[in-house]
Amino acid sequence: MQDGGVWLDPATREALALSLKVALWSTLCALPPAVGVALLLARVRFPGRALLNGVVHLPLVLPPVATGYLLLMLFGRRGPVGGWLEETFGLVLAFRWTGAALAAAVMAFPLMVRAIRLAIEAVDPKLEAAAATLGAPRWAVFGLVTLPLILPGVLAGAVLGFARAMGEFGATITFVSSIPGETRTLPAAIYALLQSPGGEDAALVLVAISVAVSMAALLVSEALASRVARRIGAG
Amino acid sequence: MGLSVDIRHDFGGPGGFSLDARFDAPPGVTALFGRSGSGKTTVVNAVAGLLAPREGRIALDGEVLFDAACGPRLAPHRRRLGYVFQEARLFPHLSLRANLAFGAWFAPGRAAPGEFDRVVEMLGIGPLLDRRPGALSGGEKQRAAIGRALLSRPRMLLMDEPLAALDEARKAEILPYLERLRDAAGVPILYVSHAMAEVARLATTVVAMEAGRVARAGPAAEVLSDLEAAPALGLRDAGALLPGVVAAHHADGLTEVEVSGGRLLLPRMRAAPGTRLRIRIAAQEVILSRTRPEGLSALNILAGEVVGLRVGEGGGALVQLRVGEDLLLARITRRSAAALEIAPGAACWCVVKSVAVARTDVGRATG
């Protein structure tokens, strides 16, 4: 299996492509709600704020296996949400790559919210008040002032979330198992290789790929953040 | 017409104070004057809609902006009031051009052709348009903030100590722009300040605030020469406004100005003969004499008649005099007041040194 060079190994490429797809979709889908929740937590005082904060951060402290099992109960084909999704939209999450994306998104969500919330709290509300006095309605204040100012934080949160999604293992394997080509992401593939005799070499290649992808994500996030920070400059 | 404010608001916490402000701001520049903490900014924020007072009503040109009891509570962006803050508050992520355009984006109707260029030229910020706020000086930022507010085509400009963060040179640079704004743009201005020099230079109406209340309100010349308002305005800053017309420039570096009570010789100023001015004469720079003084170095000696006297708790006294058709204030000691037998009706000569009138004390009169 390894004689033709591991780069061409279809299983490896499959796992890498799947991981990228899962991480990309989970990041894209989780980002807007993460901005919304961060805004809510940073700016609005409402009853149940502490509870929302707790729920958002739960995946950070809960054993990933527990999170995965909860997802399975809720979003499985016989779960309350999963059943409804299948009936209404024909969308099945359990044991599909979409389920892997959901698991990755849930695990990455608290990291995104934290990064974005920090950025929101750093925005001077006086600038938003100034925009309002210039006649800008709320949506315009958000789009033209708040969002550009928190963009570095949003990007940092997105990249952080992407890296976290790339590495998600526990919740994913519990919720959607490790089906080659469907839900066997990089970490699941590494785990599977290590379980089989003689799989160490192939696992090492996958580990190297993981390191490279994670490193690249971090560098990109740093570069983006500093570029935006430079553009905004000291106000 | 104009702005009408009648609001009450409480600030909780220890040392919290209550605000009870009632005044009208006719067209022109209305200065909200008072010490820090007298509630000036609270009033302006309430007018702008950034703060909802507990009780009361705010109306502009007959339209109710806010009525705590039953009426509307217009959101800030619906009030169309241009607010110039003390710290400029330019958007750091936008160029100066985009900052200026921001106001215009949401202004109703079409911009008059050339409006942008006219405002940019009036404020002298043309060469800075492509810079970001981070690369501007304090004075440049403040001028840009004024331009941004103007381009939103506001029904009224609110200015909260727009010069407070600047040094004297920058203030002197911006004050003429504000005068031009008052006289040329025709937009009414509510101007918050605790600097008497700015108020004396710009205001057509003065609202003196003290501890959350309006101590005195009225036309600028009337309030600034009022004996009872003086403590609220600050005795050290007391001084009357004299309207005058430039009569001639003399070769020895003096400018002759005609006032209702005679002629004043003042340090040379750049204003064509015929220009109408308003000159602030600080009360503590005025010397009183019962007989016409002779052999004095002071060039300005005006005949006046004592109208009122306010004896302070310390050693000072404030004298109000009629000079021609206008009122002048003089701050002297109680001892001198007694020695000179200063009382209403007494004839007095008012002595003012030319050099005691600084260039910043002389502004252009409206209209």
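Q: What makes helix α7 of chain A fall short of the span of a straight helix?
A: In this predicted model, α7(A) runs over residues 138-167, which is 30 residues. At 1.5 Å a residue a straight helix would reach 44 Å, but the end C-alpha atoms of α7(A) are only 38 Å apart.

Q: Where does α7(A) bend, and by how much?
A: The bend is at A:L151 and comes to about 55°. A proline, A:P152, follows within four residues.

Q: What is the handedness of the crossing of α1(A) and α7(A)?
A: The two helices cross in a right-handed way.

Q: Which residues of α1(A) and α7(A) meet?
A: From α1(A), the residues include A:S19, A:A23, A:T27 and A:A34. Among their partners in α7(A) are A:V154, A:G157, A:G161 and A:F162.

Q: How do you know how much of residues 16-217 of chain A is helix or strand?
A: UniProt, in an unreviewed entry, annotates this span as "domain: ABC transmembrane type-1". The computed make-up is 81% helix and 0% strand, and the end C-alpha atoms lie 15 Å apart.

Q: What is the make-up of residues 295-361 of chain B?
A: An unreviewed UniProt entry places "domain: Mop" there. This stretch is 9% helix and 51% strand, with its end C-alpha atoms 27 Å apart.

Conventions: Residues numbered from 1 in each chain as written. Chains lettered and ligands numbered in written order. Predicted model: local features only at pLDDT ≥ 70, side-chain atom pairs only at ≥ 80, totals over all residues. UniProt positions renumbered as here; feature names shortened; annotations may be inferred. Expected span 1.5 Å × (residues − 1). Bend = angle between axes of the 7 residues up to and from the residue. Left-handed = near helix turned anticlockwise from the far one by under 90°. Contact = placed C-beta atoms within 7 Å.
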